[in-house]
Amino acid sequence: MRDKLITLVTKTGTTYDASGFPTENTEQKQTVFARVKSVRSSEFYEALQSKIKLEYIFCVDPDDFKLGYYTPQSGATVKPWAVEYENIRYKIIRTYRTDAGEIEISCAEAE
C-alpha cells in the first residue's frame, strides 16, 4: 500500500548570470504516494562493494514517475534524479519496473 509521501526531484535546467556563468540548477518537485521498502541484504552488500550505501527502496506508480519534464534544448524528457523523504534527500541509484506494475526506486543518501 502506497501510504507515504515522497517528493521526486527533477533538474530542469541551469540559470546563468549576466556574464554567462552558471549560478544555480533549477529543480521541479512533485509529491507522490509511495510504498517504502527496506533494501534487501544482497542488494545492500553488492552496492556497498561499489561504495554505495543503499538506504531505501520506494515503490511508486509508473505514471507518477513519468512526471519528468521535457527540455526543448535537448529535445528529451528529463526524469527525476533524487527523492526527498522525511526531510532528507536521496539520490536515485536505480529504477526497476516490477511485475506488479510499480517502479522500484533504489536510493542512497545524497552527499
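A charge is said to sit over a ring if NZ of Lys or CZ of Arg is within 6 Å of the ring centre and within 35 degrees of the ring normal. With that in mind, please find K11, whose charged end sits over the ring of W81, 4.5 Å from its centre.

A word on the source: this is a predicted model, in which local features need pLDDT of at least 70 and side-chain atom pairs count only at pLDDT 80 or more, while totals for chains, interfaces and linings use all residues. Residues are numbered from 1 along each chain as its sequence is written, and side-chain values use heavy atoms, with hydrogens and water left out.

Let us turn to the overall fold. Six strands close into a barrel in the order β1-β2-β3-β8-β7-β6, with antiparallel pairing. From one strand to the next, the twist averages 40 degrees, where axes are lines fitted to C-alpha atoms and angles run from 0 to 180 degrees between N-to-C directions. Strands here are DSSP runs of E, at least two residues long, numbered from the N terminus, and two of them pair if DSSP finds at least two bridges between them. Strand β2 (residues 22–37) and strand β3 (residues 54–60) run antiparallel and are joined by three bridges. Within β3, F58 stands opposite V36.

Rings of Phe, Tyr and Trp (its six-membered ring) pair if their centres lie within 6.5 Å; planes under 30 degrees apart count as stacked, over 60 as edge-to-face and the rest as tilted. How many aromatic pairs does a search of the whole structure find? The search finds five. One of them is Y56 with Y85, edge-to-face, at 5.3 Å centre to centre and 80 degrees between the planes. This pair links strand β3 to strand β6 (residues 82–85), across 29 residues. F58 and Y90 form a tilted pair, 6.3 Å centre to centre with 55 degrees between the planes. Ring pairs link Y56, F58, Y85 and Y90 into a cluster.

Finally, the cysteines. A disulfide is a pair of cysteine sulfur atoms within 2.5 Å, and the structure holds zero disulfides.

Notes. Helix = DSSP H or I, 4+ residues; strand = E, 2+ residues; numbered from the N terminus.
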